[in-house]
Amino acid sequence: MTEILRGTVVTGSGTIDDGIVVIDGDRLAEVGPAGPGTPTPPSDRVYLPGMIDVHCHGGGGFGFPDSDVDGARAAAGYHLRRGTTTLLGSLVSAPPQRLLERIATLSPLVDDGTVAGLHLEGPFLAQAVCGAQDPRFIIDGDPALLRTLLDAAGGRIASMTLAAETPHFAELAAMLSAAGAVVSVGHTAGDFGTVVAALDAPTGPVSVTHLFNGMHPMHHRFPGAVGASLTVAGRGGAVVELVGDGVHLAPGTVAMVFATVGADHVAFVSDAMQAAGMPDGRYTLGSLQVVVDDGVARLIPASGEPGAIAGGTCSALEVLVRAVQHSGVPLPDAVRAGACTPARLLGLADRGDLAAGLRADVLELGPDLTLHRVIRGGVPITAAGTGTAT
């Protein structure tokens, strides 16, 4: 079945004010300017590639670290209906046996394409900047344990977050690169030199887990992990994740990162947890209790007072729209950060943009960037929610 979409077409390389996107089966057959013979009339619709979220713990009341297989499918479906046509299922630090159980539970979702792979956020992290990771389960880098996890996953681990200073970092990074996984440096208290060395060490793709979050603030005399990440990404050696939801980062911070490293080295992520799309209240993130108040998720420590930010409650598309509307990021640059760059990071050559031959992952939005329709692999999905920032 062939469908012709006509409107403003935004790709990673620019905007076509009156363009067409031709879908033939599960592929894009043509993307380009509309012509005099185009049978579809002009419209005010805006067409973007589907979002690719490389850091997502859940949504719609379900979480990848703790839900059963049906709940995990529901979490992926929640984000699909909000414009994320490809995502990784992110776990959190947990005992080794629990990680093995989660890998076994989620593996069928990787096999059937519900998720593109698994992301292990921990357990080889830094206690000092653990954020919403349970410190009881953060351990030193252990190559034997990583080998066990990689063997159990059978190629399904697409990314893993490591602290730059964890013992055996270079060996761990080499093992991940050999397995085809992204080495993502994060939850690190390492100094500038340590983090630069860590980002330079892997032979495969490298990212920074939610830049600024899970690391000490940058100081002009102690640039630390933030300064190191910007330096390496600025020279093209890494991709930095941004949780630009208005909670994790200020709009000006997002603008600064784009101006510093460029959209080809930025990946928008939701870092969403099970409370995404749900009412305020109490939830869990792995083994930790979380309270959501006015859409902001925070840990509930023993004192009972809200603690560290505990993941996000937005979708990747909402992060993109916020970057455009609040940070002044040009829409084509936002598309690169929301789709093109993460596709390249994961080595997904068949998606991540609007171009002939790619998988037909298309978002149809209104002129105010409100989401109207999601198409994944040429199949229309009932859209829910909105791409409009609040």
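**View A. Residues lining the largest cavity.** Gly244, Asp245, Gly246, Leu249, Ala250, Pro251, Val254, Arg322, Ala323, His326 and Ser327 line the largest cavity of this predicted model. A cavity is a set of points, on a 1 Å grid over the protein atoms alone, where a 1.4 Å probe fits but cannot get out, and lining residues have an atom within 4 Å of a point. The model is predicted, with pLDDT of at least 70 required for local features and 80 or more for side-chain atom pairs, while totals for chains, interfaces and linings use all residues. Residues are numbered from 1 along each chain as its sequence is written, and side-chain values use heavy atoms, without hydrogens and water.

**View B. Volume and composition of the cavity.** The whole structure holds one cavity of 30 Å³ or more.

**View C. Helices at the cavity.** Helix 7 (251–261) and helix 8 (316–327) each contribute at least two lining residues. Helix 8 gives the most, with four residues. Helices (H or I, at least four residues) and strands (E, at least two) are DSSP runs numbered from the N terminus.

View D. The open sheet has the order 15-16-17 with antiparallel pairing, where two strands pair if DSSP finds at least two bridges between them. Strand 15 (281–285) and strand 17 (296–299) are the edge strands. Five bridges join strand 15 to strand 16 (residues 288–293), and Tyr283 has Val290 of strand 16 as its bridge partner.

Definitions and conventions. 1 Å grid on protein atoms, 1.4 Å probe; cavity = no way out; pocket = protein on both sides within 12 Å on 5 of 7 lines; lining within 4 Å. Points joined across faces, edges and corners; volume = space filled by probe spheres on them.
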